Amino acid sequence: VRGFFRLIVVVLFPVSLAAQNLDPRDLVRSLGSIWPTYNGDYSGRRFSQLSQINASNVQNLRLVWTYDSGTLPIKATPLMVDGLIYFSVPDKAWAVDARSGRLIWHWETKTRGGTHIGHRGVAMYGKWLFLVTPDDYLVSLEAATGKERWRIEIADLKLDYFSTVAPVIIRNHVLVSPSIESTDNRGYLDSYDPETGKLQWRWYSTPDAGAPGAETWPNDEARSHGGGAIWIPGTYDPELNLYYFGTANPQPVMAGQGRLGNNLWANSIVALNPDTGKMAWYYQTTPHDTHDWDSAETPVLFEAELDGEKRKLLAQANRNGYFFVLDRATGEHILTSAFAVNNWAKGLDAKGRPIRDVAKDPQPAGALVIPSEDGATNWFPPSFDPETGLFYVRVTRSAAVFYLTDTSDKPEAWGGIDKTVWRGPSSIEAIDGKTGKIVWDHTTGVGAVSGILTTEGRLLFGGDGSGNALALDPSTGRTLWHVNLNDAMFNAPVTYEVDNRQYLLLAAGGKLFAFTLPEP
Amino acid sequence: LKGTKREGLLFEYRARGEAGNVLSSRAVFIPGMLAIVILSVAPLTAQVKDDHNGRVSLPANKAREDDSLHSIYPKLTPNQNPAAAARGRQLYEANCGFCHGKDATGGNSGPDLLRSVLVNHDEKGELIEPVIREGRVDKGMPKFSLPNSQVSDLVAFLHQRNRDARLRFTYKIPDVATGDAAAGKIYFESHCNICHSSQDLAGIAAKYPGDELQQRWLDPGGRSAEVTVTLPSGQKTVGTLQHLDEFNVSLYDAEGNYRSFALTPEAKVEIQDRLDGHHKLIGQLSDKNMHDVTTYLETLK
């Protein structure tokens with residue numbers, strides 16, 4: 001009788017038996033039935049091994065539930081673990097049932113301030129969630145109930161730091177970083193203990209006084225307020241035990257005359273040891289940036305054979321319009337190629353870095369620059385499909401006149417402003433990871449900002465600027481399916497599996513939409 | 001992102017002229033469309049553009065600006081009383097500028113007050129006032145005995161200065177008419193005269209001051225494209241383009257009727273945008289051309 005009763009319980013309450021729990025070791029696996037971290041897995045590829053939904057049946061997808069958060073556009077990548085979906089916007093988080101979209105809990109906090117511009121999502125460790133707030137708290141919630149466990153301050157709100165990033169968990173490290181918009185601060189990455197919230201280490205985005213790299217700043221004042229915020233969750237190679245992330249622009253943003261030099265480690269791809277916070281290597285993508293072209297975009301990890309040798313590589317499609325491939329063990333530069341037209345660089349230097357045309361720095365009467373401050377891409381998650389060997393990126397096209405408004409020797413904050421004079425069509429572009437060559441480009445109209453998902457089902461999911469969600473053939477870019485959700489997709493699609501059914505989860509505006517195939 | 005605001009934006013679109021051809025890429029998948037007419041659609045973004053990292057730009061309209069500002073920056077330091085801040089600046093320049101720099105960005109002996117932790121933590125003078133009154137004698141800053149009203153004026157100046165530095169849409173763009181008006185006239189007459197003349201632009205400099213004139217001539221904005229949709233039957237519909245994406249096209253015809261069509265591989269869509277000339281220039285203009293033309297247009301008062 002007992003056994004029979006247990007069976008009934010299993011059938012009726014399958015979720016309640018699978019407690020909300022995530023072993024950090026699950027994060028090391030390739031992306032499959034769960035979506036346990038910002039990029040799905042540590043590689044940043046956003047390539048799912050699920051293939052129930054595939055190129056032959058994608059036309060049959062049907063909507064199975066929606067959830068309206070009634071709030072701002074969802075820019076967060078939702079997580080899905082043990083039957084619950086977790087997502088967030090600034091100051092708010094939700095858990096909804098992955099099968100039905102039914103609300104399980106909602107958490108909300110009263111803000112002390114801070115820039116409310118976006119939120120990339122939550123992280124999970126054991127039975128706890130972690131998220132940051134615009135007013136610079138790192139908050140831990142109980143995943144099953146949304147009950148707040150503790151909160152700690154990670155930055156000084158009064159200095160205009162604010163927080164948007166999704167934390168990344170590596171073993172017992174919670175990696176988080178505050179953002180900087182205008183006030184001249186120094187960027188940093190922190191590691192916190194997931195149990196106690198105690199700071200384990202802090203890495204600053206500009207060197208300490210007298211340390212290597214400090215010579216790329218004219219003085220200590222400029223160096224110690226030099227920006228380089230870390231906006232986007234990074235990626236991780238467990239074998240090399242290196243965490244990879246990009247840093248944003250130096251401060252002041254557009255007026256560079258008070259910070260002459262290359263301004264390390266702003267606008268760089270950085271590799272560091274997550275146990276110690278010690279930097280292993282860096283590669284600067286835009287020396288002395290004056291256009292706000294953060295190097296924050298996801299560094300995607302993949303393997304490829306180059307000259308007969310299997311290499312561990314890292315690729316980033318950068319806001320400055322260039323695609324970079326590096327050896328991720330050493331930081332050695334492999335290739336740089338332009339994936340969008342620009343008029344600010346005069347070519348590449350010996351290390352593959354674009355050479356800036358100083359005439360295209362912001363000028364008092366204006367300099368016409370392609371692209372605008374928005375860049376050729378931005379935070380939109382890219383994807384890499386190991387079967388096609390292609391890197392997929394959301395490309396945006398624009399031109400702006402950049403004005404230098406502060407011509408003093410010591411400009412502050414922005415010191416300049418750009419005015420957009422042309423917005424061209426966005427697209428989803430496929431770039432060969434080994435050669436940097438553009439293989440196809442699928443135009444998506446002005447204004448599309450969605451990221452990308454690829455799957456073992458030979459599908460690529462993304463969105464256009466008209467509220468359409470798209471499924472494309474990852475080899476050719478041909479459209480296979482679309483649905484108009486009539487709102488902008490601000491994040492990337494995700495996929496997961498429960499009860500042996502694969503779900504496609506899209507966010508448009510403040511709503512979630514879940515699709516599956518018809519029941520067999 | 002409420003419906004009405006978004007719908008407003010839906011009527012906005014930009015054509016891809018030859019600048020677009022230069023700037024964008026190949027192999028585009030839009031069935032049935034002529035290669036020359038790949039065109040944009042309205043961005044589905046909120047009136048406050050926040051679709052990239054922490055970069056906020058705000059609409060010109062004042063009421064919307066205030067709403068937008070507070071939705072993005074709740075608890076933002078408010079504007080100070082302008083008279084107090086102006087008096088504060090004079091007091092600052094007379095008493096403090098020598099050490100802290102004329103714009104409070106630091107000098108030879110005094111630190112930058114915009115980056116100062118103390119100034120940033122101050123709300124209403126409670127931290128700044130003791131420093132003014134007591135000085136920092138060990139660091140070489142003397143005591144200042146100023147009446148309360150002057151201390152509060154100084155506090156107002158520092159907070160306003162900080163706010164203005166932070167909010168870049170308050171930045172003033174300096175003179176943009178720095179080019180050669182004669183060279184600008186020649187450029188204008190050889191590139192713009194197909195559609196424009198100095199007569200039809202008479203008074204434009206008075207209408208749009210400074211940088212707004214430069215912005216306007218580079219990107220006049222507005223709806224400007226006429227579309228012709230040809231169905232497989234040969235039936236043609238002409239109108240003002242309302243929307244175009246990979247799957248549908250829509251327009252308002254001459255009678256003001258809304259018409260929309262599915263984009264099948266057999267349907268043809270041709271677009272003529274009267275702003276093509278402007279879009280084309282973006283990919284061609286040198287900065288000298290731009291400054292010269294702006295300087296020439298500045299003479300059309």
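**Entry 1. Chain B, overall**

I began with the secondary structure of chain B and counted 13 helices and five strands. The model is a predicted one. Of the 301 residues in chain B, 48% are buried. I then looked at contacts in chain B between residues at least 6 apart in sequence, and 58% of these join residues at least 24 apart.

**Entry 2. Helices α4 and α8 of chain B**

I examined how helix α4 (residues 82-95) of chain B packs on helix α8 (residues 148-166) of chain B: the angle is about 100 degrees and the axes are 7 Å apart. The angle makes α4(B) roughly perpendicular to α8(B). On the α4(B) side I listed Ala84(B), Ala85(B), Arg87(B), Gly88(B), Arg89(B), Leu91(B) and Tyr92(B). They meet Gln150(B), Asp153(B), Leu154(B), Ala156(B), Phe157(B), Gln160(B) and Arg161(B) in α8(B). Sorted by class, this contact of α4(B) with α8(B) holds seven nonpolar, three polar and four charged residues.

**Entry 3. Helix α11 of chain B**

Which residues of helix α11 (residues 210-218) of chain B are buried? I found Leu213(B), Gln214(B), Gln215(B), Trp217(B) and Leu218(B). Their cover includes elements of chain A, namely β28 (398-404) and β29 (416-423). From chain B, the cover includes α10 (204-207), α12 (276-282) and α13 (287-298).

**Entry 4. Nonpolar cores**

I turned to the largest nonpolar core, which has 105 residues. The residues with the most contacts inside this core are Trp65(A), Ile85(A), Tyr86(A), Leu138(A), Phe461(A) and Leu512(A). Strand β37 (residues 501-508) of chain A gives the most to this core, with six residues. A second, separate core has 28 residues, among them Tyr187(B), Leu201(B), Leu213(B) and Val293(B).

Ile85(A) is in contact with Trp65(A), Pro78(A), Leu79(A), Met80(A), Trp94(A), Ala95(A), Val96(A), Ala98(A), Tyr496(A), Leu505(A) and Leu512(A).

**Entry 5. The five-stranded sheet of chain B**

I traced an open sheet of five strands in chain B, in the order β4-β3-β2-β1-β5, with antiparallel pairing. Its edge strands are β4 (258-262) and β5 (268-273) of chain B, each pairing on one side only. From one strand to the next the twist averages 40 degrees. Within this sheet I checked strand β2 (residues 236-244) of chain B against strand β3 (residues 248-253) of chain B; they run antiparallel and are joined by five bridges. Thr240(B) stands opposite Tyr252(B) in β3(B).

**Entry 6. The four-stranded sheet of chain A**

I traced an open sheet of four strands in chain A, in the order β7-β8-β9-β10, also with antiparallel pairing. Strands β7 (123-125) and β10 of chain A stand at the edges with a single partner strand each, so one side of each has no neighbour in the sheet. The twist averages 25 degrees from one strand to the next.

Strand β9 (residues 137-142) and strand β10 (residues 148-153) of chain A pair over five bridges in the antiparallel sense. Tyr137(A) has Glu153(A) as its bridge partner in β10(A), and Ser140(A) stands opposite Trp150(A). The two strands form a hairpin with five residues between them, and Gly146(A) in the turn has a positive phi of about 80 degrees.

I looked up Ile152(A), which is found in strand β10 of chain A. Is Ile152(A) buried or exposed? Its relative accessibility is 18%, so Ile152(A) counts as buried, the cut-off being under 20%. Not counting residues up to four places away in sequence, Ile152(A) touches Asp136(A), Tyr137(A), Leu138(A), Tyr192(A) and Gly197(A). The C-alpha atoms of Ile152(A) and Asp136(A) are separated by 8.4 Å, with the residues 16 apart along the chain.

**Entry 7. Backbone geometry**

I recorded a cis peptide bond from Leu264(A) to Trp265(A), with omega near -5 degrees. Trp265(A) has its place in the loop between β16 (242-246) and β17 (268-272) of chain A. Another cis peptide bond joins Ile370(A) and Pro371(A), with omega about 0 degrees. Pro371(A) has its place in the loop between β25 (367-369) and β26 (383-385) of chain A.

I also recorded positive phi values in residues other than glycine. Asp91(A) has a phi of about 70 degrees and is found in the loop between β4 (84-89) and β5 (92-97) of chain A. Asp91(A) is buried, at a relative accessible area of 9%. Ala104(B) has a phi near 70 degrees and is found in the loop between α5 (97-100) and α6 (117-121) of chain B. Ala104(B) is buried, with a relative accessible area of 0%.

Terms used
Residues are numbered from 1 along each chain as its sequence is written. Chains are lettered from A and ligands numbered from 1 in the order in which they are written. This is a predicted model: local features need pLDDT of at least 70, side-chain atom pairs count only at pLDDT 80 or more; totals for chains, interfaces and linings use all residues. Side-chain values use heavy atoms; hydrogens and water are left out. Axes are lines fitted to C-alpha atoms, for helices over the stretch in contact, and angles run from 0 to 180 degrees between N-to-C directions. Angles under 35 degrees count as roughly parallel, over 145 as roughly antiparallel, 65 to 115 as roughly perpendicular and the rest as oblique. Contact means heavy atoms within 4.5 Å. Ala, Val, Leu, Ile, Met, Phe, Trp, Tyr, Cys and Pro count as nonpolar, Asp, Glu, Lys and Arg as charged, and the others, Gly among them, as polar. A nonpolar core is a set of buried Ala, Val, Leu, Ile, Met, Phe, Trp, Tyr and Cys residues joined through side-chain atoms within 4.5 Å. Buried means under 20% relative accessible area, exposed over 50%, partly exposed in between (1.4 Å probe, protein chains only). Two strands pair if DSSP finds at least two bridges between them.
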